[in-house]
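User: I have a protein model open and want to learn how to read it. Can we go through it step by step?

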Amino acid sequence: MSNGKSVLITGGTGFIGAHLARKLIREGYDVVLFDLYPNPHGIEDIKDRVKIVEGDVADYNALAETIERFNVGSVIHTAAMLSVAAATELRTAYNVNIDGTFNILEACRIAGIDKVVFLSSLAAFGPNSPFPFHEATYREPASFYGVSKVCGEVLGTFYHHTHGLDFRCVRLAVVIGPGRRGKGATVSFSKFVEEVVLEKPGVILVPDYTILPIIHVDDATDLLLALWKADSVDKRIHMSGGVSVAIEDFVSEVKKQVPKADVRYEMDSTVEEVAGTWTLLTTMLVQQGQEKVYREIEEIGWKLMIDDVEKLAAHFVKEIKDNREMYSSY
Ligand SMILES: NC(=O)c1ccc[n+]([C@@H]2O[C@H](COP(=O)([O-])OP(=O)(O)OC[C@H]3O[C@@H](n4cnc5c(N)ncnc54)[C@H](O)[C@@H]3O)[C@@H](O)[C@H]2O)c1
């Protein structure tokens with residue numbers, strides 16, 4: 001299906017990019033990882049089987065050269081600044097998340113690449129977005145990160161209608177799993193698990209009442225692969241549901257797997273603010289039963305497998321125990 005061409009993953013050594021690359025490599029695809037800060041640790045096991053390019057999505061020429069040099073046939077665009085970083089560095093976030101997405105679309109149009117998969121987020125919605133949320137709901141994001149995701153959706157849909165680009169997008173719930181790094185509000189749901197399995201104190205930067213709509217990275221990457229592989233799609237924008245999880249319930253489940261877990265809460269005001277917005281959104285989703293609506297996307301044959309908090313904790317802990325050496329190294 002790749003016609004001998006390679007798949008370019010922007011942000012490819014990041015959390016989702018690395019998990020995605022691993023699955024693509026297992027299936028025999030040629031994969032190019034384009035990343036401003038290539039992180040060898042997250043791809044330790046596959047680093048000899050992928051091409052790694054250090055580059056900035058805000059740099060159009062670097063992207064265009066990479067596409068030509070590696071005979072790229074399609075792009076999965078994951079590179080972005082995430083919520084908390086975007087809130088504190090607006091101009092850089094604009095350059096990376098909005099200009100960067102424009103650069104991808106333009107480079108693909110000019111190189112004749114037809115398929116681009118874009119990772120949007122439930123942060124495209126905000127407390128003023130009308131309920132229930134669905135693919136065509138008016139979006140009114142509450143964060144600059146959400147604004148940048150909406151811009152990417154609108155730009156990509158425009159390129160589809162005007163230039164015939166096969167733009168495919170999914171608004172993901174919050175993705176958790178091994179290898180998640182950074183200091184964002186949602187990172188807290190991942191990092192402490194790794195820390196406690198590796199017998200370190202697990203630090204959580206959000207208040208204990210925080211609730212998020214969660215999807216495990218294995219489910220998220222299966223969804224992205226299914227979206228990328230589908231021969232055709234009727235909808236440009238898809239939604240992923242997830243499991244609504246309160247951090248304190250998740251901690252309890254993790255403690256069943258790791259009884260000696262030492263978990264500590266530390267507050268950071270910017271993170272707390274972002275976590276507050278997420279908690280409000282999740283509460284709205286739960287009240288309307290919305291988080292369960294998008295647990296299956298029939299059109300591409302995808303279904304959420306890790307669908308409760310117990311499975312989330314068990315799956316997460318097992319993967320770190322099975323790959324202790326890799327996750328200890330960074
Ligand atoms: N993690 C989540 O919960 C979640 C939820 C919904 C959507 N998403 C989207 O998924 C994508 C990947 O998220 P992630 O969790 O893997 O984040 P991540 O921070 O782990 O990975 C992003 C990668 O992009 C790279 N990058 C940053 N700026 C770049 C630039 N200018 N040029 C090239 N590379 C650059 C980083 O070095 C990093 O490796 C993002 O677009 C994010 O908005 C993530």
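Analyst: Start with contacts. Two residues are in contact if their C-beta atoms, placed from the backbone, lie within 7 Å. The model is predicted. Take leucine 227, which is found in helix α7. Leaving out residues up to four places away in sequence, leucine 227 touches Val117, Arg168, Val170, His238 and Ile300.

User: Is leucine 227 buried or exposed?

Analyst: Count neighbours. A residue is buried if 20 or more other C-beta atoms lie within 10 Å of its own. Leucine 227 has 23, so it is buried. Its C-alpha atom is 9.1 Å from that of histidine 238, which sits 11 residues away along the chain.

User: Which residues of α7 are buried?

Analyst: In an α-helix there are 3.6 residues a turn, so residues three or four places apart point the same way. Now look at the list. The buried residues of α7 are Val217, Asp219, Ala220, Thr221, Leu223, Leu224, Leu227 and Trp228.

User: Which domains does the protein chain have?

Analyst: The domain assignment gives two entries. Domain 1 covers 6-172 + 216-239, and domain 2 covers 176-214 + 243-328. The C-alpha centres of domain 1 and domain 2 lie 22 Å apart. Across the boundary, 33 residues of domain 1 are in contact with 31 residues of domain 2.

User: Which elements build the side of domain 1 that touches domain 2?

Analyst: Look for elements that supply at least two residues. These are α1, α3 (83-88), α7 (217-229) and β10 (237-239). The largest share, 7 residues, comes from α7. By class, that side of domain 1 has 19 nonpolar, 7 polar and 7 charged residues.

User: Where does the ligand lie?

Analyst: See which domains give residues to the shell around the ligand. Domain 1 and domain 2 both do, so the ligand lies between them. Of the 29 residues around the ligand, Gly11, Gly14, Phe15, Ala79 and Ala80 come nearest.

User: What is that shell made of?

Analyst: Sort by class, then by element. The shell divides into 15 nonpolar, 11 polar and 3 charged residues. α1 (15-26), α4 (90-111), β5 (115-121) and β7 (174-176) each supply at least two of the shell's residues. α1 gives the most, with 3 residues.

User: Can we try another residue? Where is valine 309 placed?

Analyst: Valine 309 is in helix α10, residues 309-322. It has 18 C-beta neighbours inside 10 Å, so it counts as partly exposed. Beyond its neighbours within four places in sequence, valine 309 is in contact with Val243, Val245, Asp249, Phe250 and Glu253. The C-alpha atoms of valine 309 and serine 244 are separated by 8.3 Å, though the two are 65 residues apart along the chain.

User: How many helices and strands does the protein chain have?

Analyst: The protein chain has 11 helices and 14 strands. Its radius of gyration is 19 Å, close to the 20 Å that the globule rule gives for 330 residues, so the chain is as compact as a globular protein of that length. The C-alpha trace spans about 55 × 45 × 40 Å along its principal axes. Of the 330 residues, 49% count as buried.

Notes. Residues numbered from 1 in each chain as written. Predicted model: local features only at pLDDT ≥ 70, side-chain atom pairs only at ≥ 80, totals over all residues. Helix = DSSP H or I, 4+ residues; strand = E, 2+ residues; numbered from the N terminus. Buried ≥ 20, exposed ≤ 12 C-beta atoms within 10 Å, placed from the backbone. Near = placed C-beta within 6 Å. Nonpolar A, V, L, I, M, F, W, Y, C, P; charged D, E, K, R; others polar. Domains from an automatic or database assignment. Rg over C-alpha atoms; globule rule 2.2 N^0.38 Å.
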